[in-house]
Amino acid sequence: MTDCGCEKAKAELEEYLHNELCREDVADITEHMKSCDDCSAEAEVGRVLMQAIQRACQEKAPADLRSHVLERIREVQSSH
Ligand SMILES: [Zn+2]
């Protein structure tokens, strides 16, 4: 593999987080995340966001939870 895989990982991140990819693609991206801090940070942000949205749909997310999530996202992004 000459390509670092970032492009593929980022292009398919959303499907990856929603478990909409075939097993081969999931394996490729999981493998890439292990060696790429940038993409794994992005996946983590996506995962936190997704959980926050799911929680917000099930119950009303308290305002402090929302700001806590936003804080975490900012932390992850600024650590790039
Ligand atoms: Zn990457």
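**View A. Residues R23, E24, K34 and S35 are exposed on the face of helix α3 turned away from its buried side.** An exposed residue has over 50% relative accessible area, a buried one under 20%, and a partly exposed one lies in between (1.4 Å probe, protein chains only). The model is predicted: local features need pLDDT of at least 70, side-chain atom pairs count only at pLDDT 80 or more, and totals for chains, interfaces and linings use all residues. Residues are numbered from 1 along each chain as its sequence is written, and side-chain values use heavy atoms, with hydrogens and water left out. The buried residues of α3 are D25, I29, H32 and M33. Seen down the helix axis, these buried residues fall within an arc of 105°, so they line one face of α3; the arc is taken from the directions that run from the axis to the C-beta atoms. Helix α3 comprises residues 23-35, which is 13 residues, and its first and last C-alpha atoms are 19 Å apart, close to the 18 Å expected at 1.5 Å a residue. The expected span is 1.5 Å times one less than the number of residues.

**View B. A zinc ion is held by C6, H32, C36 and C39.** The donor atoms are SG of C6, NE2 of H32, SG of C36 and SG of C39, at 2.0 to 2.3 Å. Donors are N, O and S atoms within 2.8 Å of the metal (3.2 Å for Na, K and Ca); water is not among the atoms, so sites may look incomplete. The angles among the 4 donor atoms run from 99 to 116°, and the site is tetrahedral, a label given to four donors if all angles lie between 85 and 135 degrees. Along the sequence, the donor residues follow the spacing C-x25-H-x3-C-x2-C. H32 is buried, with 9% relative accessibility, and C36 is also buried, at 10%. C36 sits in the loop between α3 and α4. The C-alpha atoms of C36 and C4 are 8.7 Å apart in space, although 32 residues separate the two in sequence.

**View C. A salt bridge connects K10 with D38.** Side chains of opposite charge can pair when their charged atoms come close. A salt bridge is counted when a side-chain nitrogen of Lys or Arg is within 4 Å of a carboxyl oxygen of Asp or Glu. The closest N and O atoms of K10 and D38 are 2.6 Å apart. K10 belongs to helix α1 (residues 6-11) and D38 to helix α4 (residues 37-58), so this pair ties together parts that are 28 residues apart in sequence. K10 is partly exposed at 35% relative accessibility, and D38 is partly exposed at 28%.

**View D. Within helix α4, E44 and R47 form a salt bridge.** The N to O distance between the two side chains is 3.8 Å. E44 and R47 lie 3 residues apart in the helix, a separation of about one helical turn. E44 has 27% relative accessibility and is partly exposed; R47 is partly exposed as well, at 33%. A search of the whole structure finds 8 salt bridges.

**View E. Cysteine C22 takes part in no disulfide.** The structure holds 0 disulfides, a disulfide being a pair of cysteine sulfur atoms within 2.5 Å. The cysteine sulfur nearest to C22 is that of C39, 18 Å away. C22 is partly exposed, with a relative accessible area of 44%.

**View F. The buried residues of helix α5 are V69, I73 and V76.** These three cover an arc of only 65° around the axis, which puts them on the same side of α5. The face turned away from that buried side carries the exposed residues A63, D64, R74, E75 and S78. Helix α5 (residues 63-78) has 16 residues that should span 22 Å at 1.5 Å a residue, and the 23 Å between its end C-alpha atoms agrees.

**View G. The whole chain contains 5 helices and 0 strands.** Helices (H or I, at least four residues) and strands (E, at least two) are DSSP runs, numbered from the N terminus. The pattern along the sequence is α-α-α-α-α. Taken along the principal axes, the C-alpha atoms fill a box of roughly 45 × 30 × 15 Å. Of the 80 residues in the chain, 30% are buried.

Notes. Tetrahedral: all angles 85-135°; square planar, octahedral: opposite > 155°, others 65-115°.
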